[in-house]
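Try each task before you read its solution.

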Amino acid sequence: MTTSVTTETLTNGRTYTHRTAAHCETGVTSALFFDKGLHLSEPMIFGIGSGIFFGHLPFIKWTGLPITTFRAMPGLVFKKTAKRLGAKVYRKRFRTPQKGMDELRHVIRTGQIVAVTTNVYWLSFFPRRYRFNFSGHNFIVLYENENGFRISDPALLEYITDCSAYDMERARFARGPMEARGLMYYPIYVNPNPDIRKACIAGMLDTCNQMLKIPIPLFGVKAIRLVAQKIIKWPEKLGYVEACRQLAHVLRFQEEMGTGGAGFRYMFAAFLQEASELFGSKELNELSNDMTVIGDTWREFAVVSSRIIKQRKSKREETFDKAGGLMLICAGREEELFKNLRNVVGNLKS
Amino acid sequence: MKINEVPQDDVPDYSQGIKKGNYAIDDRGKYVMVPSKGWVIDEQINKMAYDEYQDKVEETRKAVLAGQHSPLAYYMELRQMIPKFLGKTAGIATFRVKRHLRPEIFAKLNDSVLDKYAKALAITREDLKIVPKNSYER
């Protein structure tokens, strides 16, 4: 595996090892549990915490456009994983920045590493063009030093870096949509030998319910269909240029924001593969292959969409109908996959 | 996606050497994480959003110089805020923030209110009163 590793000694003398990950929250959760002696890979955490999802939220605006998410709500993966693995966690938001910063300093002084949720705009170690007003980036604070804080950002950097105290405070307490209000979390106690099979089953069942059973068309497979149909109508309804803008916005959620490719679909396929080894189940492995195919279709959707956007000022070869059509194919296949998954999980023994 | 299909398009201005994790299948059909240097499609959609933001900042700057808005509007755009969230950050009611975007009302503000805005926008009080003459490079 080509992951570079850097290590750092914590205040209490223990060693922290930095591992890169594809996504911030799963990477952070994996690192937090690793620190407590429970070794689980990023896809495993993603599966157990039921990270895969699809939701369309027209009433929450981000840079003026509706949110189309490919993952569960930020924060839920950690919460669910901890619950299913029988871990006790600390998870708190704060009323004032002062209290939040004091508590953070207090905890890291004991040698406990802490994950914080931040707003990307205020983090100066981020590349200039990544810095948008988005409250939902997680990283780990290791200890305090003369520059502020020593942090490990598994999703973005391949090394451990510094973050000034000012940046940290602004980023943690930035106001905006989905504000973090200084959210910080870490596991207090982790069961060293949890029942991973049971946790996997719980995670997979929850995933199936999330994708298939929510009776609101804004969530799950129904939402994929909704967005697909919206995309087909956009050019007429909004005009070509605005339609491109909206389409690009969907793509940003799918590809740009550290999803491990194809809006987390590849990561979920990796989870199914790992689960199939754990249970010795051929069916799960087949489902993993199916998920890879679905991921490839999402990827194709991204390529077609990007061509639509590129040609917005000239000739029109690819159409919104084709992009929407690809998304409908994804919806159909995902519905089938999660139905199959539910049947397979029903036969698994923990 | 196979390992060799993971995009490795290097766009230095965009990624600044940062690699993104991608899950891909290796020769034996096993999923592994592969660092990707970037993808032109990522870059393209990011550029769209980033240009939009820059254009908006530039537009506001010109509007301020033309006397249509107060400098507060420019710094609000620069920090990617809207009156609601600027108000929350500075501790000032949204309707007041909206009023303060008008130049004639902004000119009459006292120092304590300006200080609140300066702190919320991470600039000095003197900077808040003027906008750059030339387009701003971050």
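**Exercise 1: where the chains meet**

Work out how many residues of chain A are in contact with chain B, and which elements of chain A supply them.

*Solution.* Keep in mind that this is a predicted model.
- Step 1: start with the count. On the chain A side, 40 residues are in contact with 31 residues of chain B.
- Step 2: look for elements of chain A that put two or more residues into this side. These are α8 (240–256), α9 (265–279) and α10 (282–310).
- Step 3: pick the top contributor. That's α10(A), with the largest share at nine residues.
- Step 4: sort the chain A side by residue type. You get 17 nonpolar, 13 polar and 10 charged residues.

**Exercise 2: two domains in chain A**

Find the bounds of the domains of chain A, then describe how they touch.

*Solution.* 
- Step 1: take the bounds from the domain assignment. Domain 1 of chain A is 5–39 + 88–189, and domain 2 is 196–347.
- Step 2: check the spacing. Between the C-alpha centres of domain 1 and domain 2 of chain A there are 29 Å.
- Step 3: count the contacts. Four residues of domain 1 of chain A are in contact with four residues of domain 2 of chain A.
- Step 4: sort the domain 1 side of that contact. It has three nonpolar residues, one polar and no charged.

**Exercise 3: the nonpolar cores**

Identify the residues that touch the most other members of the largest nonpolar core.

*Solution.* 
- Step 1: this core has 114 residues, and the ones touching the most other members are Val114(A), Ile140(A), Val141(A) and Leu247(A).
- Step 2: ask which helix gives the most to it. Helix α11 of chain A (residues 320–347) does, with 11 residues.
- Step 3: zoom in on Leu247(A). Skipping neighbours within four places in sequence, Leu247(A) is in contact with Ile231(A), Ser305(A), Ile308(A), Ile309(A) and Ala323(A).

**Exercise 4: one alanine up close**

Is Ala248(A) buried or exposed, and why?

*Solution.* 
- Step 1: Ala248(A) sits in helix α8 of chain A.
- Step 2: apply the cut-off, where 20 or more other C-beta atoms within 10 Å make a residue buried. Ala248(A) is buried because it has 24 of them within 10 Å.
- Step 3: list its contacts, leaving aside neighbours within four places in sequence. Ala248(A) is in contact with Ile309(A), plus Ile45(B) and Met48(B).

How values were computed:
Residues numbered from 1 in each chain as written. Chains lettered and ligands numbered in written order. Predicted model: local features only at pLDDT ≥ 70, side-chain atom pairs only at ≥ 80, totals over all residues. Contact = placed C-beta atoms within 7 Å. Helix = DSSP H or I, 4+ residues; strand = E, 2+ residues; numbered from the N terminus. Nonpolar A, V, L, I, M, F, W, Y, C, P; charged D, E, K, R; others polar. Domains from an automatic or database assignment. Core = buried A, V, L, I, M, F, W, Y, C linked by C-beta atoms within 7 Å. Buried ≥ 20, exposed ≤ 12 C-beta atoms within 10 Å, placed from the backbone.
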